[in-house]
Amino acid sequence: MKLNPFVTSSRRKNRKRYFNAPSHIRRKLMSAPLSKDQRTKHGVRALPIRKDDEVQIVRGHYKGQQVGKVIAVYRKKFVIHIERITREKANGATVPVGVHPSNVSLQLQFLPSKKIPHI
C-alpha cells in the first residue's frame, strides 16, 4: 500500500523520472552494492560509485574476473567503465565495455586523504 500521496507508483512516470534525471540524482541512482566485508565495516549496503573505486563484476558476461579499477563513470548512459574490461571493434580498435553499477560489487572505495567519506 502506498503511504505517501505525493509519490507516484506509476511505472510510466517512474521510468520518465529515471531516464530524465539530472546528473546529481543519477549519482545516487548509480550506486553499487558493497562486498560482504565492506558492508560490515561501514554498516551500509550500497554507496554511489566513483572513479578509482575497485570493483568486481558479479553479473553478466564479464562476471568473476579479477578486481578492476573504475576508469570512468558515464552518468549519461548509466554505465561505468572498468580497466581491462574491453572488447575489440570490427576495425581493430579496443573500446571499454559499459557495465551498470548494480552488476558490480564494490571491493574498495577510493577515499582521498583530505576528504571525509559521505557515509
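## A space inside

Which residues line the largest cavity? In this predicted model, the lining is made up of V55, I57, Y62, Q65, Q66, V67, G68, I82, E83, R84 and I85. Of the elements, β5 gives the most, with 4 residues.

How much space are we talking about? The largest cavity holds about 70 Å³, and the structure has 1 cavity of 30 Å³ or more. Sorted by class, its lining has 6 nonpolar, 3 polar and 2 charged residues. As for how such gaps are found, rolling a probe the size of a water molecule over the atoms shows where empty space is left.

## The whole chain

Now step back and look at the chain from end to end. It has 3 helices and 7 strands, and if you read along the sequence you get the pattern α-α-β-α-β-β-β-β-β-β. Along the principal axes, the C-alpha atoms fill a box of roughly 50 × 40 × 30 Å.

The chain has 119 residues, and 24% of them count as buried.

## The nonpolar core

The largest nonpolar core has 17 residues. I49, V55, I57, I80, I82 and V104 are the ones with the most contacts inside it. Four strands each supply at least two residues of this core: β3 (54–57), β5 (79–88), β6 (94–99) and β7 (104–108). Once again β5 is the one to watch, as it gives the most to this core, with 3 residues.

If you skip its neighbours within four places in sequence, V55 is in contact with I49, Q66, V67, G68, V70, I82, V104, S105, L106 and Q107. V55 also turns up in the lining of the largest cavity, and so do I57 and I82.

## Along strand β5

Is H81 buried or exposed? H81, which is found in strand β5, counts as buried because its relative accessibility is 14%, and the cut-off for buried is under 20%. Not counting residues up to four places away in sequence, H81 touches K69, V70, I71, A72, Y74, P96, V97 and G98.

R84 forms a salt bridge with E83, and their closest N and O atoms are 3.3 Å apart. The structure holds 1 salt bridge. Both partners are partly exposed: R84 has a relative accessible area of 49%, while the value for E83 is 29%.

## Out to L108

Finally, have a look at L108, which is found in strand β7. At 44% relative accessibility, L108 counts as partly exposed. Which residues does L108 touch, leaving aside its neighbours within four places in sequence? They are Q38, D53 and E54.

L108 and N14 are 94 residues apart in sequence, and going from C-alpha to C-alpha they are 31 Å apart in space.

Notes: Residues numbered from 1 in each chain as written. Predicted model: local features only at pLDDT ≥ 70, side-chain atom pairs only at ≥ 80, totals over all residues. Heavy atoms only, no water. Core = buried A, V, L, I, M, F, W, Y, C linked by side-chain atoms within 4.5 Å. Buried < 20%, exposed > 50% of the residue type's maximum accessible area, 1.4 Å probe, protein only. Contact = heavy atoms within 4.5 Å. Salt bridge = Lys/Arg side-chain N within 4 Å of Asp/Glu carboxyl O. 1 Å grid on protein atoms, 1.4 Å probe; cavity = no way out; pocket = protein on both sides within 12 Å on 5 of 7 lines; lining within 4 Å. Points joined across faces, edges and corners; volume = space filled by probe spheres on them. Nonpolar A, V, L, I, M, F, W, Y, C, P; charged D, E, K, R; others polar.
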